[in-house]
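I set out to look up what holds this chain together, entry by entry. The notes follow the order in which I looked.

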Amino acid sequence: MSKRLSLASRPARYLLSALVILALGGCQTTGIEDITGALGGKSEAASKADGKPDMDALRERYRAKPSDPNVALDYGKALRESGQSAQAVAVLEQAVLGHPRNKALLAGYGRALADNGNFQQAFDVLSRAHTPEDPDWRILSAQGAALDQLGRNEEAQQYYATALKIVPDEPQVLSNLGLSYVLQNNLAKAEQVLGRAHQRNQNDARIRANLALVLGLQGREAEAEILMKADLPPDQAAAKVAALRQLLAKKQQQRAEK
């Protein structure tokens, strides 16, 4: 493997983990979609806002109707959003065993597997959650994100390209694609793609974090810090800038060690 592509292997997991800190300000959730927005759920913000009351209610609903696929899916999502990825895998795996053709369950199960670090299995399950005749751009993007975690960046980019044919300039997909280029150390291309994503959705903290990372990796730390501080309270801005500086310092150390 060439030096240009070496970032796609050993440092890839590190970069993805570091982006969680940048995007979420130290939140413990480490799901693949929290880094790249791979397959975002429509009610995640609301679920996290109320937290425990919703979880308690969902747990009781699941205990009362464990074979109901909709209940299992809602409970599995809540477990994922609270960082309980292993429990989410267990709940959704049981549900899929009872309803093996339920595409919504397969999508949720695939996401939970990715959260739990089972990226190849996640990719395989997500492949069953839609068909070539009726593709889902969110699942295509999630499959790409799983492939990126496996170091298969060029394959991942093909999935993002297919998703973008369905939803041109969709910020979530562009963000995933930009990060994929980061993992290949193609920083100029990453900046171009992430810049498009940021233009489409300037309020997405994950996209902003990814773009700031790319700017910082190119030595443009002042620009990166301005971007990280945008629309944030001073304490949060300071924390994210500190995380960015730490990441860039470690990246420089990695380069020095090569």
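**Aromatic pairs**

I searched the whole structure for aromatic pairs and found two. The rule takes rings of Phe, Tyr and Trp (its six-membered ring) with centres within 6.5 Å; planes under 30 degrees apart count as stacked, over 60 as edge-to-face and the rest as tilted. One of the pairs is F123 with Y159, an edge-to-face case at 5.6 Å centre to centre and 80 degrees between the planes. F123 belongs to helix 8 (residues 119–127) and Y159 to helix 10, so this pair ties together parts that are 36 residues apart in sequence.

I looked up the accessibility of both rings. Buried stands for under 20% relative accessible area, exposed for over 50%, and partly exposed for what lies in between (1.4 Å probe, protein chains only). F123 is buried because its relative accessible area is 9%; Y159, at 23%, is partly exposed. I also noted that the charged end of R152 sits over the ring of F123, 5.9 Å from its centre. For that entry, NZ of Lys or CZ of Arg must be within 6 Å of the ring centre and within 35 degrees of the ring normal.

**Basis and overall counts**

The model is predicted: local features need pLDDT of at least 70, side-chain atom pairs count only at pLDDT 80 or more, and totals for chains, interfaces and linings use all residues. Residues are numbered from 1 along each chain as its sequence is written, and side-chain values use heavy atoms, with hydrogens and water left out.

I count 15 helices and zero strands in the protein chain. Both are DSSP runs numbered from the N terminus (helices H or I, at least four residues; strands E, at least two). Of the 258 residues in the protein chain, 49% are buried. For contacts in the protein chain with a separation of 6 or more, I noted that 54% come from residues 24 or more positions apart; contact here is heavy atoms within 4.5 Å.

I turned to Q157 in helix 10 (residues 153–166). Is Q157 buried or exposed? Its relative accessibility is 13%, so Q157 counts as buried. The Q157 side chain makes a polar contact of 3.0 Å with the side chain of S180. The rule asks for a pair of N or O atoms within 3.5 Å; within protein, one must be able to donate a hydrogen and the other to accept it, and residues adjacent in sequence count only if both atoms are side-chain atoms. Setting aside neighbours within four places in sequence, I list L177, S180, Y181 and Q184 as the contacts of Q157.

Y75 is in helix 5 (residues 69–81), and is buried with a relative accessible area of 9%. With neighbours within four places in sequence again left out, Y75 touches M55, L58, R59, Y62 and V91. I also looked up Y75 against Q87: they are 12 residues apart in sequence, and their C-alpha atoms are 9.9 Å apart.

**Salt bridges**

How many salt bridges does the rule give? I get 10, counting a side-chain nitrogen of Lys or Arg within 4 Å of a carboxyl oxygen of Asp or Glu.

D56 pairs with R59, with 3.0 Å between the closest N and O atoms. Both lie in helix 4 (residues 52–64), three residues apart, about one turn of the helix. An α-helix has 3.6 residues a turn, so residues three or four places apart point the same way. D56 is partly exposed at 31% relative accessible area, and R59 is partly exposed at 24%.

R245 and E225 meet in a salt bridge of 2.7 Å, N to O. This pair links distant parts of the chain, with R245 in helix 15 (residues 234–257) and E225 in helix 14, 20 residues apart. R245 counts as partly exposed at 47% relative accessibility, whereas E225 counts as buried at 13%. Elsewhere, salt bridges that share partners join E191, R220 and E223 into one network. Within it, R220 and E223 have their closest N and O atoms 3.0 Å apart.

**Helix 14**

Last, I looked up which residues of helix 14 (residues 221–229) are buried, and noted A224, E225, L227 and M228. They are on the same side of helix 14, because they cover an arc of only 160 degrees around the axis; the arc is taken from the directions from the helix axis to the C-beta atoms. The face turned away from the buried side carries the exposed residues A222 and I226. After helix 14 comes D231, with a positive phi near 60 degrees.
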